[in-house]
Amino acid sequence: VSELGLEGDVLPVPGDHPASRNRFLYTGGALHKLPSGLGGLLWPVPPFSRALLWSGVRDLLAPAGTEPDESVHAFVHRRFGQEVADIAVDSLCRGVFAGDCRVLSIRSCFPALFEAERRRRSVLLGLALGSGEHQARGTRWGNTPMPSLWHEGTPALSPAGKERGAESGLSQRARAERWSQWSLRGGMESLAQALAAFLHPRGVELRCHAPLHRLRRHPDGRWQLTLADGTVMADYVVSALPAAALAEVLPAETEPLAQELRHIPTVSVAVVNLQYEGVALPVTGFGHLVPSSEDASLLGIVYDSVAFPQHDGTGATSVRLTVMLGGAWFGQSFGDPVAVAPALLLQRAQVAVREQLGLEPAPTRSIVKVHQACIPQYTLGHWQRIERINRFLAEQRLPLSLIGASYTGVSVNDCIASAKVAVGQLLG
């Protein structure tokens with residue numbers, strides 16, 4: 001962001017902001033603020049029936065797991081108890097991955113927790129004490145707030161588990177102010193626009209809206225990329241395509257790689273943006289998530305105007321919301337993502353806002369968008385699949401790097417970091 005000259009356009013949400021401090025769950029027909037501070041540990045705070053201190057004690061006393069991988073739900077249930085797994089972590093996985101914690105992999109989705117248990121037997125001890133290597137490198141999530149649906153914009157800090165160069169002044173400021181998230185004054189699309197403007201005068205050719213039809217090895221070892229309007233020859237390819245899309249264009253001799261890529265599943269998410277005038281939210285915070293036991297079709301609602309009032313426009317009393325629907329439950333809730341009627345999604349979003357936030361009027365503006373196959377799902381054994389993919393690339397000596405959300409992280413920060421790692425390895 002700094003390198004692109006966007007530092008002055010950054011809209012930070014510091015740690016003392018209500019959107020950082022206040023996050024909610026909607027369960028049992030009511031909004032509940034997630035526990036914070038000492039009181040949330042020592043006394044029962046709804047929706048939890050027992051003080052979370054006892055979940056911490058359970059983790060400190062429980063033996064370490066022995067399996068090479070485990071579902072997120074099974075891991076948290078074993079270490080912290082059923083209630084934390086069924087309510088808190090179920091909701092979290094729906095917010096981060098739009099996925100089901102009962103099929104997602106703890107090792108791939110939350111490696112910091114998996115590694116903490118392996119290091120110190122206890123997750124809490126592992127996170128608190130760390131190790132020399134851990135403190136030097138970090139882990140993929142580290143202190144980074146969760147990405148994707150549970151944050152508009154992007155998480156504030158760089159994902160760990162990726163080698164980083166000198167920390168920028170902006171990143172240092174984000175750490176000092178404990179940003180929980182950030183956006184840009186012109187919206188996140190201005191990041192892509194600035195990147196294009198940065199690349200053009202440096203001799204980089206951008207071909208937008210040009211789908212890749214085929215990727216073939218030329219006899220001289222180079223790649224031949226077939227596009228709708230011709231071909232391009234390349235010494236090396238860095239692919240940010242979704243795994244399944246890349247699998248469809250690979251040459252026949254890379255079929256083992258294509259098979260691995262096809263087995264990385266994705267989910268679709270409907271995003272409904274709503275704007276209201278002359279109303280007020282019943283609570284102030286980032287937003288709320290909904291556990292699957294409460295309503296499988298509704299993942300959560302982000303209170304956009306709380307975190308980023310700069311995007312509200314001229315309306316002094318505007319309330320902007322983002323309602324997220326579907327995910328791993330899209331098919332059973334709404335049918336085929338390709339064929340679902342936008343009016344159905346809009347109606348479902350309005351009902352959710354009315355029932356859960358008490359906003360009765362119709363929105364003055366609305367946008368409905370179905371993002372098809374948009375979030376990869378790191379299911380059990382994903383880490384082994386990534387190892388097999390990397391092994392195939394190395395053994396075949398393919399001039400090909402795979403980056404993007406399909407492999408080691410779904411957030412914007414993760415994708416940027418994976419690209420930096422790939423370029424660093426390519427350039428030595």
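Mentor: Helix H4 (72–80) and helix H7 (residues 111–120) cross in a left-handed sense, a crossing being left-handed if the near helix is turned anticlockwise from the far one by less than a right angle, and right-handed if clockwise. The model is a predicted one, in which local features need pLDDT of at least 70 and side-chain atom pairs count only at pLDDT 80 or more, while totals for chains, interfaces and linings use all residues. Residues are numbered from 1 along each chain as its sequence is written, and side-chain values use heavy atoms, with hydrogens and water left out. Helices (H or I, at least four residues) and strands (E, at least two) are DSSP runs, numbered from the N terminus.

Two packed helices are described by the angle between their axes and the distance between the axes. For H4 and H7, the angle is about 45° and the axes lie 12 Å apart; H4 is therefore oblique to H7. Axes here are lines fitted to C-alpha atoms, for helices over the stretch in contact, and angles run from 0 to 180 degrees between N-to-C directions. Angles under 35 degrees count as roughly parallel, over 145 as roughly antiparallel, 65 to 115 as roughly perpendicular and the rest as oblique.

In the contact itself (heavy atoms within 4.5 Å), H4 supplies Phe75, Arg78 and Arg79, and H7 supplies Leu113, Phe114 and Glu117. By class, these are three nonpolar, no polar and three charged residues; Ala, Val, Leu, Ile, Met, Phe, Trp, Tyr, Cys and Pro count as nonpolar, Asp, Glu, Lys and Arg as charged, and the others, Gly among them, as polar.

Within H7, Pro111, Ala112, Phe114, Ala116 and Glu117 are buried, that is, under 20% relative accessible area, with exposed meaning over 50% and partly exposed in between (1.4 Å probe, protein chains only). Their cover includes H4, helix H6 (106–109) and helix H8 (123–129). Just after H7, Arg121 adopts a positive phi of about 75°.

Helix H13 (residues 255–262) and helix H17 (residues 382–396) have axes that come within 10 Å and cross at roughly 155°, so H13 and H17 are roughly antiparallel to each other. The crossing of H13 with H17 is also left-handed. On H13, Pro256, Leu257, Glu260 and Leu261 take part, facing Arg385, Arg388, Ile389, Phe392 and Leu393 of H17. This contact divides into six nonpolar, no polar and three charged residues.
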